[in-house]
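Here is a short report on selected local features.

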Amino acid sequence: MSKTKDRIRESNLRYKQSLGQNFLYDEALLEELTAAAGVTKEEDVLEIGPGCGSLTKHLCDAANSVLAVELDERLIPLLNAFLDEKKNLTVVQGDVMSLNLQEITAGLKKPFAVVANIPYYITTPLIKLLLTGGLQVSRLALMVQKEVADKILASPGEESWGPLSILCQFLCEPRLAVDVPAEMFTPPPKVDSAFVVLPLREEPAVAVKNREMFFKVANAAFALRRKTMVNNLCASFRMNREDALRVVAEVGLDEKVRGEKLTLEELARLADAIE
Ligand code: SAM
């Protein structure tokens, strides 16, 4: 058993399911994740949910410095005691979704990497926040549920293709790094996981006149599943049918095309036409 797990046992800490506490103790896996994240001594890392510090320890060894944000107050003394000798670590207690991330990351070298075994209950809002919250991030390297990894990596028309695929692929070049079975976690979650790496693109995958409009059109495409894009435009933009048909024809799409089948390029053409 790993030393970290021993310490958790000694402290009589009970895992809080409500905080997504599924910890990793396997040193070989933690090493593999750190390597897959591509962390180097030249860059700083933001870790979300360090838990008892098992991944944090590897990140501190690999990175210039690590800023770790943990919500569970009970874990702060454990973290500080365990990682006392890591002089390049700063621990902040708080909820990553409500802290001012721009402020707390102000001291990090830019751009910084985000590496984390995240709490799954905030996966989608957290990815959105990290990608669109005005932070200077070089890449995200995150443990997510396998089903979420499928969404991040999906191709247009596939069952998993949706707003999360579009957001991630528009701004990043996502790749699957490591498949992680449920039994690697303590306690094991109900589902398998995957570690995905999302390096940010210098420019979005497709050029658009207005990013906000692009995301609005992308969300509209999935507002009513199995419906045509024309129907979705009518519902989401309060367009009359004639106008929706005209816009769809103008960008060279079939009037019967379903929103959920559209590629990034097609969504961009539609967004530009509406804009
Ligand atoms: N990094 C550790 C590991 O790999 O063993 C723990 C990962 S565990 C999946 C997620 C961690 O995120 C827990 O320590 C949990 O307390 C913390 N957490 C949950 N919600 C949070 C939030 N809103 N903000 C910051 N940390 C949070």
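## Burial and basis

Buried means under 20% relative accessible area, exposed over 50%, and partly exposed in between (1.4 Å probe, protein chains only). The model is predicted: local features need pLDDT of at least 70, side-chain atom pairs count only at pLDDT 80 or more, and totals for chains, interfaces and linings use all residues. Residues are numbered from 1 along each chain as its sequence is written, and side-chain values use heavy atoms, with hydrogens and water left out.

## Aromatic pairs

Five aromatic pairs turn up in the whole structure. Rings of Phe, Tyr and Trp (its six-membered ring) pair if their centres lie within 6.5 Å; planes under 30 degrees apart are stacked, over 60 edge-to-face, the rest tilted. Phe23 and Tyr25 pair edge-to-face, at 6.4 Å centre to centre and 70° between the planes. Phe23 is buried at 9%; Tyr25 is buried at 6%.

Phe170 and Phe215 also pair edge-to-face, with centres 5.4 Å apart and planes at 80°. This pair links distant parts of the chain: Phe170 sits in α8 (163-171) and Phe215 in α9 (211-221), 45 residues apart. Helices (H or I, at least four residues) and strands (E, at least two) are DSSP runs, numbered from the N terminus. Phe170 is buried, with a relative accessible area of 0%.

## Asn22

Asn22 lies in the loop between α1 (3-10) and β1 (23-24). Asn22 is buried, with a relative accessible area of 18%. Contact means heavy atoms within 4.5 Å. Beyond its neighbours within four places in sequence, Asn22 contacts Asn117, Phe185, Thr186, Pro187, Pro188 and Pro189.
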